[in-house]
Amino acid sequence: MHYFSYIDVGVSSLPSAMSSLSQGGLEALRLIAGADPKLVQIVSLSLQVSLSAVAVACLAGLPLGAAIAVSRFHGRRALIVALNASMGLPPVVVGLLVYLMLSRAGPLGELGLLFTPAAMVVAQAILITPIIAALSRQVIEDAWMEYREQLHSLGETRLGAAVTLLWDLRFSLVTIVLAGFGRAAAEVGAVMIVGGNIDGVTRVMTTAIALETSKGDLPLALGLGMVLLVIVFSLNAAAYLVNETAQRRYG
Amino acid sequence: MVIARHVFVAALFTLAALSTHAQERFITVASTTSTEQSGLFAYLLPIYERKTGIKVHVVALGTGQALDVARRGDADVVFVHARAAEETFLAEGHGVKRYPVMYNDFVLIGPKADPARVGGGKDIVAALKRLEAAHAPFVSRGDRSGTHMAELELWKTAGIDIDKARGPWYRDTGQGMGPALNTAVSMNAYILADRGTWLAFKNQGDFTVLVEGDKRLFNQYGVMLVNPDRHPNVKKELGQQFVDWVISPEGQKAIASYKINGKQLFYPNAQDPAA
């Protein structure tokens, strides 16, 4: 019994990795400069899905985080640990659970949502709600500790305090929302399963990158990856600028 | 709350996109990675969509997974390549009728240097025996795909019990055809692939077809409407219309006309009752 000694040659792959990177850069430039209609469609679907997921996650996560921050109840600590742990939910597992729920054979099959963008929104929202809830809980609780007496003296109820803190901390919460968006936009495992990566219907940036990698078109995959990075970066820069301007004006 | 407004607008956009999506006439086809990654569907479906106005949503998975998706009622049509698994699917009552569509073949791919010296001949069984004896690195799909099932069948034909014979040389990747090819190329390993995906594959490196032309490497594709009696959400008319077109002279001609670098990838054979 002998093994071939030439397997796993790391050295020879080095020059090809370098050339793939530069080819990827060229592909990225070509894709952006050409405003390829297919790319535009994939990018806009990515943004629609991930921004919708962020919206849903904020509607659920921010009030939840604020509520836990200002209240005291039995099992609160266990809930916080569970919430913090679920920031690390594996996307593939969430994808599989959502798939089983939305499948025709599943409890929500009648809605016919499997393999649609709506299913992808659901999966991403489930992934990022814990992130938004857990991080906002921490930020709001810190502020609650600090301003508790003040808020009490103003006659605020706990509910009122939660709302006030959410509003006052809005600039800090933006970063949390962006963290959620980043996770949603970068995620591939869940949307692949529940969306099916259908060309023109549920194909987003990450699943398109996975597909091109599958086809062995590594430069195109890398190019798409760079486009995704540019988009995420621009969105973050825009949010930062808006946040900063608003803070200066109203903060 | 600028962000909130943006987010709200995006949500509205999505709803709008979803509602137009719902009005569209479409069917969902569970198919294999080979038909998608070889580029066949990207070529074939626009022809069908232009003709009928019916969109075809393809979910590309391994054959085993594609049949499972259909078993749950999540597809209208299956278009796969593993005869035995298709017959089981029919026998369970999940499919209406299986039609042969087209064939191509599997090929044994490996490094041009061919260190295990398996290339040149037609005999896939002899090649596999030599790979096993030499413990040459071999990448397996390991994902219950049609290609994986064919590979297991070939080991059996070679008289090798792969569960016993497997060692570090036999790398079970659990990946689709393309990713498995990427793995094989980077590990300098041998791999069984369908010819279509191989021809369309761009990261071929120093790899080439070493064994081809053996009758046992035949790769038949079949198409079936998912049984609407069993799965009431199946779009019976639209699904059957697609099946009928694929096996019609027009659909068959379209399949034959798909070429990469002048090479035909799939050979229509809907007229062959034994296929």
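Visitor: Why is Val98(A) called buried?
Guide: This is a predicted model, and in it Val98(A) has 26 C-beta neighbours inside 10 Å. The cut-off for buried is 20 or more, so Val98(A) counts as buried.

Visitor: Where does Val98(A) lie, and what does it touch?
Guide: Val98(A) lies in helix α4 of chain A, residues 91–102. Leaving out residues up to four places away in sequence, Val98(A) touches Ala119(A), Val122(A), Ala123(A), Ile126(A), Ala190(A) and Val194(A).

Visitor: And what does Ala123(A) touch?
Guide: With that sequence limit of four places again, Ala123(A) touches Val94(A), Gly95(A), Val98(A), Ala190(A), Val191(A) and Val194(A).

Visitor: Which residues have the most contacts inside the largest nonpolar core?
Guide: Those are Ala119(A), Ala123(A), Val194(A), Val77(B), Val78(B) and Ile191(B), in a core of 153 residues. Helix α5 of chain A, residues 117–153, gives the largest share, 19 residues. From chain B, the core draws at least three residues from each of domain 1 (2–104 + 220–268) and domain 2 (105–217).

Visitor: How do you know that the span of helix α10 of chain A is close to the expected one?
Guide: Helix α10, residues 218–250, has 33 residues, and at 1.5 Å a residue the expected span is 48 Å. From first C-alpha to last, the helix reaches 47 Å, close to that value. Its buried residues include Leu218(A), Pro219(A) and Val227(A).

Visitor: What confidence does the predictor give the complex?
Guide: The complex gets an ipTM of 0.81 and a pTM of 0.85. Chain B averages a pLDDT of 91, with 92% of the residues scoring at least 70.

Note on methods:
Residues numbered from 1 in each chain as written. Chains lettered and ligands numbered in written order. Predicted model: local features only at pLDDT ≥ 70, side-chain atom pairs only at ≥ 80, totals over all residues. Helix = DSSP H or I, 4+ residues; strand = E, 2+ residues; numbered from the N terminus. Expected span 1.5 Å × (residues − 1). Buried ≥ 20, exposed ≤ 12 C-beta atoms within 10 Å, placed from the backbone. pLDDT = per-residue confidence, 0-100. Core = buried A, V, L, I, M, F, W, Y, C linked by C-beta atoms within 7 Å. Domains from an automatic or database assignment. Contact = placed C-beta atoms within 7 Å.
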